Amino acid sequence: MSALDLAGELSLGLAVRGRLPAGPYRVRQAAGGDREALLEMFARCSTWTRYRRFHGHVAMFPSGYLDEALSGSPDHLALVAAADQGTVVALASCRTVAAGVAELGFLVEDAWQRRGIGAAMLREIAEWAGRGGLTTLTAQVLAEQGWIVRALRAYGTCESAAAHGVVDVTVRLG
């Protein structure tokens, strides 16, 4: 299966290296039952990882965002990545903000970063966005996260504007 079936799961079968056990992780649509696992994942994230995601010092998962991500709304695709033991290690979100436009957000637990999880989730979200008629994806990233802008370029024409250490990125899907 090349694209995530919203009713199903995608087993990526990617081996992880380093201090974590080797084995697959799965990406699937988030569900209301994931709330506790996401709160636990958030607690395992460092202050710096939370800062990079929310662009501020956040001590708790923003409840409004979490509620919306787990609502199952057709205007908000939320994906979780779970390690082979079922532990949720990442959340990716794509929320429609205007006709044809959606905003992206990603949070990957520190120990699972740089293992391809975010890239796999982005690929699934981009495919979902294209199937759903979205034409534009937007994201806000910190200036030092230029690698995210490079990753987004794979999905279309990218424009970016920086101000006060934050880069607003717009991707016109190709």
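A: **Salt bridges and their surroundings**

Asp34 and Arg28 are joined by a salt bridge, with 2.6 Å between their closest N and O atoms. The term salt bridge stands for a side-chain nitrogen of Lys or Arg within 4 Å of a carboxyl oxygen of Asp or Glu. This is a predicted model, in which local features need pLDDT of at least 70 and side-chain atom pairs count only at pLDDT 80 or more, while totals for chains, interfaces and linings use all residues. Residues are numbered from 1 along each chain as its sequence is written, and side-chain values use heavy atoms, with hydrogens and water left out.

Buried means under 20% relative accessible area, exposed over 50%, and partly exposed in between, with a 1.4 Å probe and protein chains only.

A second salt bridge connects Arg35 with Asp67, whose closest N and O atoms are 2.9 Å apart. Arg35 sits in helix α1 and Asp67 in helix α3, 32 residues apart, and the pair thus links distant parts of the chain. Helices (H or I, at least four residues) and strands (E, at least two) are DSSP runs, numbered from the N terminus. Arg35 is partly exposed at 31% relative accessibility, and Asp67 is partly exposed as well, at 39%.

Arg95 is partly exposed, with a relative accessible area of 28%, and Glu68 is partly exposed with 30%. Glu68, Arg95 and Glu103 form one network, joined by salt bridges that share partners. In total, the structure holds 6 salt bridges.

Helix α2 (residues 47-54) has Thr49, Arg50 and Arg53 as its buried residues. These too fall within an arc of 100° when α2 is seen down its axis, so they line one face of that helix. They pack against α1 (35-44), α3 (63-69) and β5 (101-108).

After α2 comes His55, in the loop between α2 and α3. Most residues other than glycine have a negative phi. His55 is not a glycine, yet its phi is positive, about 60°. With 24% relative accessibility, His55 is partly exposed.

Another histidine with a positive phi is His164, at a value near 55°. His164 belongs to the hairpin of β7 and β8, which has 2 residues between its strands, and at 85% relative accessibility it counts as exposed. Strands β7 (residues 156-163) and β8 (residues 166-173) run antiparallel and are joined by 8 bridges; two strands pair if DSSP finds at least two bridges between them. Cys158 has Val171 in β8 as its bridge partner.

For the setting as a whole, the protein has 5 helices and 8 strands, in the order β-β-α-α-α-β-β-β-α-β-α-β-β from the N terminus on. Of its 174 residues, 43% count as buried. Among contacts between residues at least 6 apart in sequence, 56% join residues at least 24 apart, where contact means heavy atoms within 4.5 Å.

A last point concerns confidence. The mean pLDDT is 85, and 87% of the residues reach 70 or more; pLDDT is the predictor's confidence in each residue, from 0 to 100. Over residues 1-22, pLDDT stays under 50. Where pLDDT is low, the predicted coordinates should not be read in detail.

Terms used:
The arc is that of the directions from the helix axis to the C-beta atoms.
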